[in-house]
Amino acid sequence: MTAAPSASRASADRLGRVLNLVPYLLARPGIAIVEAAADLGVSEKQLREDLELLWVCGLPGYGPGDLIDMAFDGDNVTITYDAGIGKPLRLTPDEALALVVALRMLAETPGTGNRDAIERALAKIESAAGADADAPVAVRMSGNAKKVDRVRGALESGKALRITYYTASRDETTDRVIDPIRVVNVDGWAYLEAWCRRAEATRLFRVDRIDGWTELDEPAVPPAEARPHDLSAGVFRPGEELPLITLRVGRSERWITEYYPCESVERGASGEDWLVTMRVTDLGWARRLILGLGPEVTVVSPPELITGIREQAAAALAAYSVPSA
């Protein structure tokens, strides 16, 4: 089992090497195999094995007129038929449509830099694809594009900001002074990354949750310890310092295991439910999440989350029992 990743990488390396062979040999008819091996950084034995593989590659049909052909003169080789690999790549209608839609989405994504380059690439592909790119698809993404542009302008001013920010995990609005670092886009949402003087740490502020901001007279000077977050795995990075909760989840609510990062998912004793363990930013956020789910979600632990949900549910029921004015 441990050899599989290595074998996969070796196959990928060989595929790239073999694909590179055809244009290389087309440009150098009659080249000596030993010279080609030195240029390509492989042994002469490996190159000969690659040429043998290349000999049975070509277009679907794989008849004599479809396969790549070559001629050997002693230890020299020449490509005599390239099976069309030297022709410019043409996209199929489906490929052209997929590429156009992806570029349109990228152009509409808030916080994306160098949008002019994206628009130019899109125009070239639409022109080359012709009717194939004339898709009845309009791409629009949420994220307050105008607000993102204004936040980017505030960042470029180089000033510290006083912002009013809604923190969804705690359901509260706070005022804080920040030193902006950059605007980033993750999973279709734009974030302002900044040093938060209140938290004394680098924080990500989702732009659509910034209710307002004021530029201060002082410059933005993040301290030396301010480091940008690694966002390659997304914004939420569960760690051992975060609360751990366990839920018993029925069939209709299993979607939460795909939507939220989970520590573990195990089949329950009945076989119908799942035991789901996950880390959350805080128990207040978990309480609001669970209260909004259906009856097929039950909290197993921790006890304080169970108590908090019971108290909030009881308060909601009590409010219904009081006649309104």
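Two strands count as paired if DSSP finds at least two bridges between them. The close-up views below are taken from a predicted model.

**View 1. The hairpin of strands β2 and β3.** Strand β2 covers residues 69–73 and strand β3 covers residues 76–81. The two strands run antiparallel and are joined by five bridges. One of the residues in these bridges is phenylalanine 72, whose partner in β3 is valine 77. Two residues lie between the strands of the hairpin. In the turn, glycine 74 has a positive phi of about 70°.

**View 2. The largest nonpolar core, with 18 residues.** Leu25, Leu47, Leu51, Leu54, Ile68 and Met70 have the most contacts inside this core. At least two residues come from each of α1 (4–26), α2 (33–40), α3 (44–54) and β3. Helix α1 gives the most, with five residues. In soluble globular proteins, nonpolar side chains tend to be buried together.

**View 3. The surroundings of isoleucine 68.** Neighbours within four places in sequence are left aside here. The remaining contacts of isoleucine 68 are with Val22, Leu54, Trp55, Cys57, Gly58, Ile79, Tyr81, Asp82 and Ala83.

**View 4. Tyrosine 165 and phenylalanine 205, one of two aromatic pairs in the structure.** The ring centres are 5.1 Å apart and the planes stand at 85°, so this pair is edge-to-face. Tyrosine 165 belongs to strand β4 (residues 159–167), and phenylalanine 205 to strand β7 (residues 201–206). The pair thus links distant parts of the chain, 40 residues apart. Both tyrosine 165 and phenylalanine 205 are buried.

**View 5. The aromatic pair of tyrosine 260 and tryptophan 285.** The distance is 5.6 Å centre to centre, with 75° between the planes. This pair is edge-to-face because that angle is over 60 degrees. Tyrosine 260 sits in the loop between α7 (256–259) and β10 (264–267), while tryptophan 285 is in helix α8 (residues 283–291), so the pair ties together parts that are 25 residues apart in sequence. The relative accessible area of tyrosine 260 is 18%, under 20%, so this residue counts as buried. Tryptophan 285, with a relative accessible area of 22%, is partly exposed.

Notes. Residues numbered from 1 in each chain as written. Predicted model: local features only at pLDDT ≥ 70, side-chain atom pairs only at ≥ 80, totals over all residues. Heavy atoms only, no water. Phe/Tyr/Trp six-rings, centres within 6.5 Å; stacked < 30°, edge-to-face > 60°. Helix = DSSP H or I, 4+ residues; strand = E, 2+ residues; numbered from the N terminus. Buried < 20%, exposed > 50% of the residue type's maximum accessible area, 1.4 Å probe, protein only. Core = buried A, V, L, I, M, F, W, Y, C linked by side-chain atoms within 4.5 Å. Contact = heavy atoms within 4.5 Å.
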